[in-house]
Each structure stands twice: as C-alpha cells, then as structure tokens.
Amino acid sequence: MTKPINFLNERTLKGTFFGNYKPRTDLPNVVEMYMNKELELDKFLTHRIKFSEINKAFDLMVKEVVVVAAAVAWEAGKPLVIEQVEVAPPQAMEVRINVKYTSLCHTDLYFWESKGQTPLFPRIFGHEAAGIVESVGEGVTELKPGDHVLPVFTGECKKCRHCKSEESNMCDLLRINTDRGVMLNDGKSRFSIKGQPINHFLGTSTFSEYTVVHVGCLAKINPSAPLDKVCIVSCGVSTGLGATLNVAKPKRGSIVAVFGLGAVGLAVGYLLFNVLAEMTDGGVDRAIECTGNINAMISAFECVHDGWGVAVLVGVPHKDAIFTTKPINFLNERTLKGTFFGNYKPRTDIPNVVEMYMNKELELDKFLTHRVKFSEINKAFDLMVNGEGLRCIISMDD
Ligand SMILES: [Zn+2]
Ligand SMILES: [Zn+2]
C-alpha cells in the first residue's frame, strides 16, 4: 500500500527481472567488464569443492558459516597472524559465541611455545574470555542467543559420576584435554581457512571473533556483569579462589604461605590479605603452591605444620616431575592435596563467582594491568614473555 500522492510527488516504483539483461546480447559484455577489471568477482568466491562433494556446498549455504578475524598460530613460538577464518555453525550440544573480550593466560603461552608437549598447529589459542551466544546447535536448551557466557577449558556434563559427586569437578566427558584439536561431536574442527582445518585449543579457542564451544563448557552469567572484567574469572582467578575457599579452607586467623605471585597466586593472596613468605615457628597452617615448579611443590608441603597443616598444589607440573617426601610427614598429620580449577564446577559454580564480583566480595580490577586491541594481540604475548603485568585484556571490538 502506498499513497498515490507519492507518484504525484515524482517518485517512481520499478521492478526488474535478471537485471533487464538480454542473455545472448548482454552477458558477453558483462564478462568483458570482468576482463577489463571493471567488475570484481573474486570476493564472492569463498569456497571451492570437488563435484563429488557437492553436498558440502548445500551445508555451507544452509547452515551459515561465518567468516571472521581470528589470531592463528601457524608455528610454535612464532607471532600469531590475524586471518579471515570460516567458523562453522554449532552442531548438536554446541554453541557459537561472539567473543567480546579475551585475555592471555600462561597456559596459552606454554602451548604456543610448545616445549615439552606434542605440537599441534595451526591452532587458535585462547581460553580466558567472555562472550555472547550467537546461535545454538541441536539439543541445547539452557542457552539462547543473547545470553552472556564465560567459556571454560574444562566442562560439566552434569551426568557422569564426577559431575554427580559433590567433591569432584573432573567431568568424564568434558575434562580438559590439551591434545585434542577437534570437537567431540564429530572429531572435526569448526575452524577453517579456505577449506584447511585449523585446530581448536582446550575446546575454547577464544582468540577469534566467533568460536564454537560445547554447551557443557559454558557458564551462563549475570548479563549486567562487565565482560571486560569478569572474563578473567573463566580461568586464573577462579583457580586461585577455589584452591583457597574449596580446598585449603583456612580457618580464621590461619597463617597461609602462597608460592607464586602470578594471577592465580595473587587471587589467593588478595583473598587472605596476610600473605606469609617466611617460615613461622613449626610451620604454616596452609600452603598453596601456584607455580608448577616441583621444588616449590615440595617446599610447600615441607613448610606446613604437623598436626593440621594442609598443602594444596595448584600449579601445573612438568609431566615427568616426581614428588618426593618422607611418609612420616603424613603420619605427623600433615595433608597434601591437589586441585584442578579450584574444584569449581564450571556451569554450577562459576556464575556465583561472578556474583561475588558483582557484590564487591571479589576484586578483579587489580589483576587487569594491560589492555590491547585484538589486532595487537602479539603485544599481550610480549608482555607475558617479559614478565610484565598480570593480565592483559584483549578487546575484540576495537
Ligand atoms: Zn588459564
Ligand atoms: Zn560430567
């Protein structure tokens, strides 16, 4: 419907069929336009497949692959390269999220340097992040587009023995797997560059504007929480916090020794206020080891008090490291424990850690020492390699 006055006002409404071109007369000239570089075609040609794989073309059209910027690690220890990467849509029990902020954690650096692990390249790193759900795959009921989420490098299926146990967060299905570069559903990657698959990292791969994550590795959080702050809750801060609150459980007035003053160690320290570096008479009540160095681990246990002392191991050790101690220490009523991600269950507990921040019971700002644009992500690596600062926030939007 329109008002006839619009026509009197000298507007025209027209239609066209095939752009009014006569096929035999005009199309050869359109080809000439391309030959004369007056018409560009290359930017339309995003994929190429063999005739025998024609159904792939249907999949691409039906399921909306997005092409976005991602920082790709092509080789161990070499600067990341921002590439245009195709991100496939989420499959069953998967969610595609728009990453808003990510930060660099030591674990990314460790696998990027690839010293002592099986190298898996090309790969998209990143696991500490916050984002917004863009689309969900089949069977996903508890998340919808627009929800704010923190991806976590380990998961919670809510069905296995570990998930059903109050004591464990070591999910059978979604437990961290540093060697896997593909999704569980079909053993394939959701990332590709002109058809070449790019490996995932820890099931999160957040150094990409969009990423696909298993629903069990996403914590749905308060939508009013600032994503550029709470993104660090998805790894380091929760690990330190949980190691203290859930595992070491110091009593009021306890003396606690913290080994390692990275983001994890400081999360412990800020919580306790009284970080003790030297031995007290007979030992400390609790010791929390956050470095992963085997000698620091042994020292942490050696420095706890007989009768009630508890040492908690948090830092990730070298895979061949061996812990040695005298069994008499245990008979003398010392306890040695370890924890993974502070014993937090990602989906059940992490939303509450974000609430602690919202209620001002947890401070995050002092961890956020640097901020860079996504295009400058290699600066974040430089800062960490040089031991400068604690957390560098990488902003995807500017
Ligand atoms: Zn981490
Ligand atoms: Zn589970």
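## Helix H2

Of the 13 residues of H2, the number buried is zero, so this helix lies largely in the open. A residue is called buried if 20 or more other C-beta atoms lie within 10 Å of its own, exposed if there are 12 or fewer, and partly exposed in between, with C-beta atoms placed from the backbone. Helices (H or I, at least four residues) and strands (E, at least two) are DSSP runs, numbered from the N terminus.

This is a predicted model, in which local features need pLDDT of at least 70, side-chain atom pairs count only at pLDDT 80 or more, and totals for chains, interfaces and linings use all residues. Residues are numbered from 1 along each chain as its sequence is written, and chains are lettered from A and ligands numbered from 1 in the order in which they are written.

H2 covers residues 23-35, and at 1.5 Å a residue it should span 18 Å; its end C-alpha atoms are 18 Å apart, which agrees. The expected span is 1.5 Å times one less than the number of residues. Just after H2, Lys37 has a positive phi of about 60 degrees.

## Overall build

The protein has 12 helices and 16 strands. Its C-alpha atoms fill a box of roughly 95 × 50 × 40 Å along the principal axes. Of the 398 residues, 38% count as buried. Among contacts with a separation of 6 or more, 71% come from residues 24 or more positions apart; a contact requires C-beta atoms, placed from the backbone, within 7 Å.

## Nonpolar core

The largest nonpolar core has 92 residues, and those with the most contacts inside it are Ile124, Leu150, Val230, Cys231, Val233, Ala287 and Ile288. Such a core is a set of buried Ala, Val, Leu, Ile, Met, Phe, Trp, Tyr and Cys residues joined through C-beta atoms within 7 Å. Leaving out residues up to four places away in sequence, Ile288 touches residues including Ala243, Val256, Phe259 and Val314. In soluble globular proteins, nonpolar side chains tend to be buried together.

## Strand E16 and its partners

Four of the five residues of E16 (residues 391-395) are buried, so this strand is largely enclosed by the rest of the structure. E16 pairs with E3 (residues 94-103) in the antiparallel sense over three bridges, and Ser103 stands opposite Ile393. Pairing requires that DSSP finds at least two bridges between the strands.

E15 (residues 368-373) runs parallel to E16, joined to it by five bridges; His370 has Cys392 as its bridge partner. Together with helix H12 (residues 377-385), E15 and E16 make a right-handed β-α-β unit. Right-handed here means that, with the strands pointing away from the viewer, the path from the first strand over the helix to the second runs clockwise.

## A four-stranded sheet

An open antiparallel sheet has four strands in the order E1-E2-E6-E7. E1 (66-72) and E7 stand at the edges with a single partner strand each, so one side of each has no neighbour in the sheet. Within the sheet, two bridges join E2 (residues 81-87) to E6 (residues 191-193), and Glu86 has Ser192 as its bridge partner in E6.

## Backbone exceptions

Most residues other than glycine have a negative phi, and most peptide bonds are trans. Phe121 and Pro122 are joined by a cis peptide bond, with omega about -5 degrees. Pro122 is in the loop between H4 (106-113) and E4 (128-136).

Glu10 has a positive phi, near 75 degrees, and is in the loop between H1 (5-8) and H2. Glu10 is exposed, with 6 other C-beta atoms within 10 Å. Leu202, in the loop between E7 (196-198) and E8 (210-214), has a phi near 55 degrees. Leu202 counts as buried, with 24 C-beta neighbours inside 10 Å.

Note on methods:
Contact = placed C-beta atoms within 7 Å.
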